[in-house]
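Please examine the structure shown here with attention to its charged pairs, its secondary structure and its open spaces. The paragraphs that follow take up these topics in turn.

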Amino acid sequence: MALILLSAVFHSQPTEAYCFNIAGEKNRIDPLLLKSIAIQESNLNQHAINLSGNKLKRSKDYGLMQINSLHIPQLKKKGIIKTERDLLNKPCLNVQIAAEILSQHLHICGRNWECLGSYNAGFARSQKRTREIYAKKIRKIYTTLYHERKSRKNENAHYLANVKMVR
């Protein structure tokens with residue numbers, strides 16, 4: 001049983017990276033930024049469902065990137081999803097939809113951290129502080145992932161250099 005669980009973990013990671021890479025490339029967004037958002041939004045849980053909004057205006061957020069239910073009618077109309085379950089059962093689709101939403105936001109308000117915060121808090125002036133707080137969280141996660149990636153590249157380069165020396 002333990003081997004099956006370990007196998008599932010190791011096999012899901014390349015798929016996860018693939019999803020972020022493809023969505024990032026298509027939408028000209030750093031895949032690490034998309035992964036940072038997924039970590040913040042769902043802790044990389046593709047089946048996460050959360051309530052958002054206030055008592056007067058409730059909505060649900062679905063999946064890895066926590067796609068808000070306000071997007072569902074348009075996604076259905078375009079034939080991108082059939083039901084909300086698609087946002088949970090198709091993590092790569094969830095990431096792609098989120099990347100497109102983020103890309104639209106960045107096109108509207110620019111490629112900066114506050115604009116990135118609109119992914120979570122929208123564009124209303126009253127949400128400026130919420131955007132800033134969200135962007136700060138994403139930036140912290142992103143910076144950590146960036147340094148980990150850089151460290152792994154250095155380790156891989158060192159390993160490859162040593163392998164060449166042995167031959």
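Glu100 is partly exposed, at a relative accessible area of 28%; here buried means under 20% relative accessible area, exposed over 50%, and partly exposed in between, with a 1.4 Å probe and protein chains only. This is a predicted model, in which local features need pLDDT of at least 70 and side-chain atom pairs count only at pLDDT 80 or more, while totals for chains, interfaces and linings use all residues. Residues are numbered from 1 along each chain as its sequence is written, and side-chain values use heavy atoms, with hydrogens and water left out.

The side chain of Glu100 meets that of Lys26 in a salt bridge, at 3.7 Å from N to O; the term denotes a side-chain nitrogen of Lys or Arg within 4 Å of a carboxyl oxygen of Asp or Glu. Because Glu100 lies in helix H5 and Lys26 in helix H1 (residues 2–27), the pair ties together parts that are 74 residues apart in sequence. Helices (H or I, at least four residues) and strands (E, at least two) are DSSP runs, numbered from the N terminus. Lys26 counts as exposed, at 57% relative accessibility.

Helix H5 itself comprises 19 residues, 91–109, and reaches 27 Å from its first C-alpha to its last, close to the 27 Å expected at 1.5 Å a residue; the expected span is 1.5 Å times one less than the number of residues. Its buried residues include Asn94, Ile97, Ala98, Ile101, Leu102 and His105. After H5 comes Gly110, with a positive phi near 100°.

How many salt bridges does a search of the whole structure find? The search finds seven. In one of them, Arg131 pairs with Glu114, the closest N and O atoms being 3.5 Å apart. This pair links distant parts of the chain, with Arg131 in helix H8 (residues 128–166) and Glu114 in helix H6 (residues 113–116), 17 residues apart. Arg131 is buried, at 8% relative accessible area, whereas Glu114 is partly exposed at 31%. Both residues belong to a network of salt bridges that also links Lys128, Arg129 and Glu132.

The strands form an open sheet of three, in the order E1-E2-E3, with antiparallel pairing; two strands pair if DSSP finds at least two bridges between them. E1 (49–53) and E3 (67–68) are the edge strands, each pairing on one side only. Strand E2 (residues 58–62) is joined to E3 by two bridges, and Tyr62 has Ile67 as its bridge partner in E3.

The largest pocket has a volume of about 900 Å³. On a 1 Å grid over the protein atoms alone, a pocket is an open set of points where a 1.4 Å probe fits, with protein on both sides within 12 Å along at least five of seven lines, and lining residues have an atom within 4 Å of a point. Of the 31 lining residues, Asn68, Leu70, His71, Tyr119 and Asn120 are the closest to the centre of the largest pocket. H5 gives the most to this lining, with five residues.

The second largest pocket holds about 340 Å³ of space. Among the 14 residues that line this pocket, the closest to its centre are Glu16, Ala17, Leu32, Lys35 and Arg152. H1, H2 and H8 each give two or more residues to its lining, and H1 gives the most, with five.

Conventions: Points joined across faces, edges and corners; volume = space filled by probe spheres on them.
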